[in-house]
Amino acid sequence: MVATASQKSVSKHRARHDVQHIGVRWDKKMSNNCAAALLVYTLAQIFFVLGFIEAKGMSIAPYFGLVLLVAVIIPFCRNFEKRWATMSSSGLSEQSLAAKFRSDQVVLWVLALGLPLVFAGLIKTFGTMF
């Protein structure tokens with residue numbers, strides 16, 4: 001009885017050990033990066049860009065603009081997730097996947113951090129023109 005329990009314990013440990021060495025879940029990592037980038041992008045839109053949009057009358061229009069700006073980035077994040085869902089099983093080496101992941105990660109974060117600054121600049125530019 002003890003020997004059977006011991007064998008079950010060893011087989012469970014080996015199964016967990018084998019699962020850990022399957023490799024990096026690149027699709028999961030990209031999904032987490034997309035979620036974090038979307039959160040940072042949205043917070044930057046709320047706290048940074050909304051400050052440029054607010055007017056004295058304070059209508060609801062700036063908030064609709066904010067929702068539109070957030071809705072613009074969602075398809076880009078979704079495309080990154082779809083790409084990595086298929087790329088993870090493409091048979092590429094871990095090293096090439098890591099390089100591709102890093103380049104996509106940089107593009108994602110440049111968009112998440114850069115677009116609010118671009119939108120604020122556009123709003124400021126158009127605000128001075130009109």
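**Close-up views of a helical model**

**View 1.** A37 counts as buried, at 1% relative accessibility. Buried denotes under 20% relative accessible area, exposed over 50%, and partly exposed the range in between (1.4 Å probe, protein chains only). The model is predicted, with local features requiring pLDDT of at least 70 and side-chain atom pairs counted only at pLDDT 80 or more, whereas totals for chains, interfaces and linings use all residues. Residues are numbered from 1 along each chain as its sequence is written, and side-chain values use heavy atoms, with hydrogens and water left out. A37 is located in helix α2; helices (H or I, at least four residues) and strands (E, at least two) are DSSP runs, numbered from the N terminus. Apart from its neighbours within four places in sequence, A37 contacts L108, W109 and A112, a contact being heavy atoms within 4.5 Å.

**View 2.** The largest nonpolar core holds 20 residues. Such a core is a set of buried Ala, Val, Leu, Ile, Met, Phe, Trp, Tyr and Cys residues joined through side-chain atoms within 4.5 Å. M30, C34, Y41, W84, L108 and F119 touch the most other members of this core. Helices α2 (26-53), α3 and α4 are the elements that give two or more residues to the core. In soluble globular proteins, nonpolar side chains tend to be buried together. Around Y41, with neighbours within four places in sequence left aside, the contacts are L69, V70, I73, L111, A112, L115, P116 and F119.

**View 3.** D104 and R83 meet through their side chains in a salt bridge (2.6 Å, N to O). This pair links distant parts of the chain, with R83 in helix α3 and D104 in helix α4, 21 residues apart. A salt bridge is defined as a side-chain nitrogen of Lys or Arg within 4 Å of a carboxyl oxygen of Asp or Glu. D104 is buried, its relative accessible area being 7%, while R83 is partly exposed at 35%. Helix α4, which contains D104, covers residues 94-129. The D104 side chain also has a polar contact of 2.8 Å with the side chain of W84. A polar contact is a pair of N or O atoms within 3.5 Å; within protein, one must be able to donate a hydrogen and the other to accept it, and residues adjacent in sequence count only if both atoms are side-chain atoms. Beyond the neighbours within four places in sequence, D104 contacts M30, F80, R83 and W84.

**View 4.** R78 and E81 form a salt bridge, the closest N and O atoms being 3.3 Å apart. The structure holds three salt bridges. R78 and E81 are three residues apart in helix α3 (residues 61-87), and are therefore separated by about one helical turn. R78 is partly exposed, with a relative accessible area of 43%, and E81 counts as partly exposed at 22%.

**View 5.** D27 and R25 are joined by a salt bridge. The closest N and O atoms of this pair are 3.3 Å apart. R25 counts as exposed, with 52% relative accessibility, whereas D27 is partly exposed, at 21%.
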